[in-house]
Amino acid sequence: MDPKTVGGAVLLLVAVAHSGLGEARVLRPLANLGGLPGVSARMSARLLRMAWHATSLAWVGLAMLLFGASQSAAILVAAGIPALFSIVAMRSHLAWPLFLLVFFAVLRAEGNLSDGALAAGGSAAFAIAAVAAVVHLYWASGGRWGGDAAVPSQRGDSGEVAVFRPPRLATAGVGVLLAIYACALSLLVVGSAPTPARWFVVAGVVVLTLRAVGDGRYIGFSKQIRGTTFSAADDRWFTPLVVALAFGSAAAVLV
């Protein structure tokens with residue numbers, strides 16, 4: 001028998017045993033003990049389950065490579081599936097953008113991520129940037145819908161207190177900057193962007209990545225202040241949209 005086949009079969013067996021026995025003898029008993037320090041019991045269970053089964057999926061991906069599968073197929077199992085689980089169950093965790101980055105990088109390297117797909121990603125980024133520009137200009141003009149959830153806050157004696165209140169001029173400036181960014185993205189997608197526009201979008205990807213990672217306190221994946229209206233909205237909408245904009249912007253640069 002081919003040694004690679006033997007190795008792949010052993011890895012599959014280990015992966016199945018790891019997930020099956022781990023679920024029964026480790027994950028469920030741990031879930032009954034409560035959450036990790038500073039983390040809810042529900043989120044703790046999801047975090048442990050994701051990390052545990054992601055390891056099994058990584059072994060399945062290695063087994064697929066030994067069986068002769070393509071790198072794209074193996075990475076779909078080892079990185080794509082954990083990314084999907086994280087997006088659905090733990091959007092506040094940094095794992096899913098990193099898993100997606102690995103998956104898309106391998107797809108592109110193997111020629112399985114076409115220019116059409118990249119253009120679609122760039123178009124999606126354009127739509128996100130354009131809508132964000134409109135929303136910021138709406139806030140700058142005095143609109144209040146969604147505004148309370150858009151500013152970082154912390155709990156005080158009298159309830160939630162905003163960390164800062166951005167002046168309307170600054171909010172309008174962000175809106176204008178986003179509108180210009182959307183225009184640059186559209187030029188990249190249609191293939192007529194001058195070099196400055198391309199570098200502007202590259203700089204935007206860097207800024208968006210830093211925003212997604214966060215400041216270690218109020219925003220992004222690294223935030224520590226939770227349980228507020230903003231933190232919930234940031235986990236559910238703001239940071240995922242920032243990540244989507246970053247990925248779409250990178251795709252536009254690669255078109």
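Colleague: Which residue of strand 2 stands opposite G156?

Modeller: This is a predicted model, in which local features need pLDDT of at least 70 and side-chain atom pairs count only at pLDDT 80 or more, while totals for chains, interfaces and linings use all residues. Residues are numbered from 1 along each chain as its sequence is written, and side-chain values use heavy atoms, with hydrogens and water left out. Strand 1 (residues 153-156) pairs with strand 2 (residues 159-162) in the antiparallel sense over four bridges, where pairing requires that DSSP finds at least two bridges between two strands, and where strands (E, at least two residues) and helices (H or I, at least four) are DSSP runs numbered from the N terminus. In strand 2, the residue opposite G156 is G159.

Colleague: Through how many residues does the hairpin join strand 1 to strand 2?

Modeller: The two strands pair in the antiparallel sense. A hairpin joins them, and the number of residues through which strand 1 passes to strand 2 is two.

Colleague: What pattern does the chain follow when read along the sequence?

Modeller: The chain has eight helices and two strands, and its C-alpha atoms fill a box of roughly 70 × 55 × 20 Å along the principal axes. Read along the sequence, the order of these elements is α-α-α-α-α-β-β-α-α-α.

Colleague: What percentage of the 255 residues of the chain count as buried?

Modeller: A residue is buried when its relative accessible area is under 20%, exposed when it is over 50%, and partly exposed in between, with a 1.4 Å probe and protein chains only. By that rule, the share of the 255 residues that count as buried is 33%.

Colleague: Is D235 buried or exposed?

Modeller: D235 is found in helix 8 (residues 229-254), and its side chain is joined to that of R226 by a polar contact of 2.7 Å, meaning a pair of N or O atoms within 3.5 Å, one able to donate a hydrogen and the other to accept it within protein, with residues adjacent in sequence counted only if both atoms are side-chain atoms. Leaving aside neighbours within four places in sequence, D235 is in contact (heavy atoms within 4.5 Å) with R91, S92, K223, R226 and P240. Because its relative accessible area is 18%, D235 is classed as buried.

Colleague: Which residues does T228 touch, not counting those up to four places away in sequence?

Modeller: T228 lies in the loop between helix 7 (195-213) and helix 8, and it counts as buried because its relative accessibility is 4%. V77, by contrast, is 151 residues from T228 in sequence and 35 Å from it in space, C-alpha to C-alpha. With residues up to four places away set aside, T228 touches S153, Q154, R155 and E160.

Colleague: Which elements give two or more residues to the lining of the largest cavity?

Modeller: On a 1 Å grid over the protein atoms alone, a cavity is a set of points where a 1.4 Å probe fits but cannot get out, a pocket is an open set with protein on both sides within 12 Å along at least five of seven lines, and lining residues have an atom within 4 Å of a point. The largest cavity holds about 30 Å³ of space, a volume being the space filled by probe spheres set on grid points joined across faces, edges and corners. Its lining is made of L27, L30, A31, A45, L48 and R49. The elements that give two or more residues to this lining are helix 1 (3-31) and helix 2 (41-66).

Colleague: How far apart are the C-alpha atoms of A31 and L48?

Modeller: A31 is found in helix 1, and it is partly exposed because its relative accessible area is 35%. Both A31 and L48 line the largest cavity. They are 17 residues apart along the chain, and their C-alpha atoms are separated by 8.9 Å.

Colleague: Which residues lie nearest the centre of the largest pocket?

Modeller: The largest pocket holds about 1,700 Å³ of space. Helix 5 (115-140), helix 6, helix 7 and helix 8 are the elements that give two or more residues to its lining. Of the 42 lining residues, those nearest the centre are H136, W139, A150, V174 and L178.
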